[in-house]
Amino acid sequence: MRIDIITLFPELLKSPFEVSILKRAITSGKASVHFHDLRAYSTHKQKQVDDYPFGGGAGMVMMIEPIDRCINTLKKERAYDAVIYLTPDGSTLNQKQANHFSTLENIILLCGHYKGVDQRVRDHLITHELSIGDFVLSGGELAAAVFCDSIIRLIPGVLGDESSALSDSFQDGLLAPPVYTRPAEYNGWKVPEILTSGNTPKVDEWRDEKALERTQKLRPDLLK
Ligand code: ADE
């Protein structure tokens, strides 16, 4: 998978890809992530990329021209399966969408800032609009990092234990069951006995029960 991220602040995005699972996915060649500084695509002397909104009002709007130039440059190199704009008014990212996007080959992500992008970008250049939740970030960069993490970890072979992505919360419509590790007793707080019994079918049954119990308690909406 190749992900191209168009941003005004590439430095905001680098570190999430330099540690742990994302780093491993990149060094093993399963994913590649490329940052494109939008200012480099401005034709203005001062590298301007935003301007006042037509009709007045507060805030600046990201101009269509540098975005179009950047996307076109990328599209000349390869075909893209999705051109995604990260925005709080997009459709809220969920596991089902993450599963879908994790199967794509080439993805462009556009990070918004200020009052957002000229609507013509959304109307003509973007294929999907995604939000990571009903709250507003200062820009799309952190949302892009969240999106990338959610999909890269699903690429086959990225997680050491293939089954571990399947047992994530939401994968089967349920929250994940509780997990424990050594010591079996701490401060008098004990691990449920079934987990140390060595009886795998019983452990699986217990986990299914707990997953359901947890979902009923914490996210009953998922069961509807
Ligand atoms: N940009 C600003 N807030 C955002 C959000 N919640 N999701 C995606 N992109 C954003």
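Here is a short tour of this predicted model, stop by stop.

Residue numbers start from 1 along each chain as its sequence is written. Local features need pLDDT of at least 70, side-chain atom pairs count only at pLDDT 80 or more, totals for chains, interfaces and linings use all residues, and side-chain values use heavy atoms, without hydrogens or water.

**Stop 1: the domains.** Colour domain 1 (2-152) and domain 2 (169-223); these bounds come from an automatic or database domain assignment. Their centres, taken over C-alpha atoms, are 37 Å apart.

**Stop 2: the largest nonpolar core.** Select Ile5, Leu109, Ile151 and Ile152, the residues with the most contacts inside this core of 32 residues. A nonpolar core is a set of buried (under 20% relative accessible area, 1.4 Å probe, protein chains only) Ala, Val, Leu, Ile, Met, Phe, Trp, Tyr and Cys residues joined through side-chain atoms within 4.5 Å. Helix H5 (141-152) is one of the elements that give two or more residues to it, and H5 gives the most, with seven. Helices here are DSSP runs of H or I with at least four residues, strands are E runs of at least two, and both are numbered from the N terminus.

Now centre on Leu109: its contacts (heavy atoms within 4.5 Å) beyond four places in sequence include Ile5, Leu86 and Phe147.

**Stop 3: Ser42.** Move to the loop between strand E2 (32-37) and strand E3 (50-51) to find Ser42. Is Ser42 buried or exposed? It counts as buried because its relative accessibility is 4%. The Ser42 side chain reaches the backbone nitrogen of His44 at 3.1 Å. Setting aside residues up to four places away in sequence, Ser42 touches Lys47, Gln48, Val49 and Pro66.

Notes: Buried < 20%, exposed > 50% of the residue type's maximum accessible area, 1.4 Å probe, protein only. Polar contact = N/O pair within 3.5 Å; in protein donor to acceptor, adjacent residues only side chain to side chain.
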